[in-house]
Amino acid sequence: MHVSSGEGLEDSGDQTSANVGAQLRWLEPLSTVPSETSGPSLREHPMRVLSARVGRSEKLWSIRDAQRVRENFDALAPVWAERASAEREASLVDGLTRGRPGRGGTALEVGCGSGNHTQALSDYCNEVVSVDLSLEMLRHVAVERSNLVLCDASALPIRDSSVDLVVVVNMFLFSSEYRRVLRSDGYILFVSSLAEQTPIYLSPQDVARSLGSEFSGVYSRAGSGLWSCFHRVDSD
Ligand SMILES: C[S@@+](CC[C@H](N)C(=O)[O-])C[C@H]1O[C@@H](n2cnc3c(N)ncnc32)[C@H](O)[C@@H]1O
């Protein structure tokens, strides 16, 4: 992985990943934000542990994981919309603006939850397909004319190379599956709306490593969050 960093983030030093990861360039934030969000360590949080496991290899995602995650978010669905705020939305909007995935086109929003970010995405793209594992979450989506699909993002019911942009907000990275549905010149936007304090979290460097060298990315902070946006580029 090649990291050009303005915020002191460094390459892992792992020679293997140094050769296979996406290039990643730091963009200075447009307004003052903390360089790293502080709070209790989430290292042992079950969702954080699962994020790391799936980020390493999505083959490690099991039916039991899906059941556990679905139950967890079914229970949270009635109050999930209360978490929406301008501070949390800022990183998605900044990622769409400065990550430059291009306006219009078809976006796939994986793990949309109760649709807290679906409207902002719909304002940016021609068509948005929003998927989630939790029926209760989807029941709470209040965005007009939304295209909602109940499915597990580890096996998307979506054609190969059919999506311009995959948007992953506070959601697990199923790297091969997202690459499969993405067009050859498409983008993947990965957002953690509470930055390091987001339970389902991977660092931009981990995302870069997982996506591989056919991608090139930029990353930054905005509001309470941290985002990275990767463009699929020719590896030839
Ligand atoms: C932390 S919530 C984030 C929701 C929304 N993106 C947001 O930021 O408000 C994670 C969401 O991803 C969904 N999810 C988790 N694993 C999933 C999977 N394998 N396939 C589809 N959705 C999944 C959960 O049901 C939940 O709604």
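1. Leu24 stands opposite Gly217 in E8. Strands are DSSP runs of E with at least two residues, helices are runs of H or I with at least four, and both are numbered from the N terminus. Two strands pair if DSSP finds at least two bridges between them.

2. The model is predicted: local features need pLDDT of at least 70 and side-chain atom pairs count only at pLDDT 80 or more, while totals for chains, interfaces and linings use all residues. Residues are numbered from 1 along each chain as its sequence is written.

3. E8 and strand E9 (residues 225-232) run antiparallel and are joined by eight bridges. Within this pairing, Val218 stands opposite Cys229 in E9. The two strands form a hairpin with two residues between them, and Gly223 in the turn has a positive phi of about 55 degrees.

4. Strand E8 (residues 215-222) is largely enclosed by the rest of the structure, because seven of its eight residues are buried (20 or more other C-beta atoms within 10 Å of a residue's own, with C-beta atoms placed from the backbone).

5. The ligand is surrounded by 22 residues, the closest being Phe73, Gly111, Gly113, Leu133 and Ala153. Helix H3 (63-80) and strand E4 (127-132) are the elements that give two or more residues to this shell. H3 gives the most, with three residues.

Note on methods:
Near = placed C-beta within 6 Å. Buried ≥ 20, exposed ≤ 12 C-beta atoms within 10 Å, placed from the backbone.
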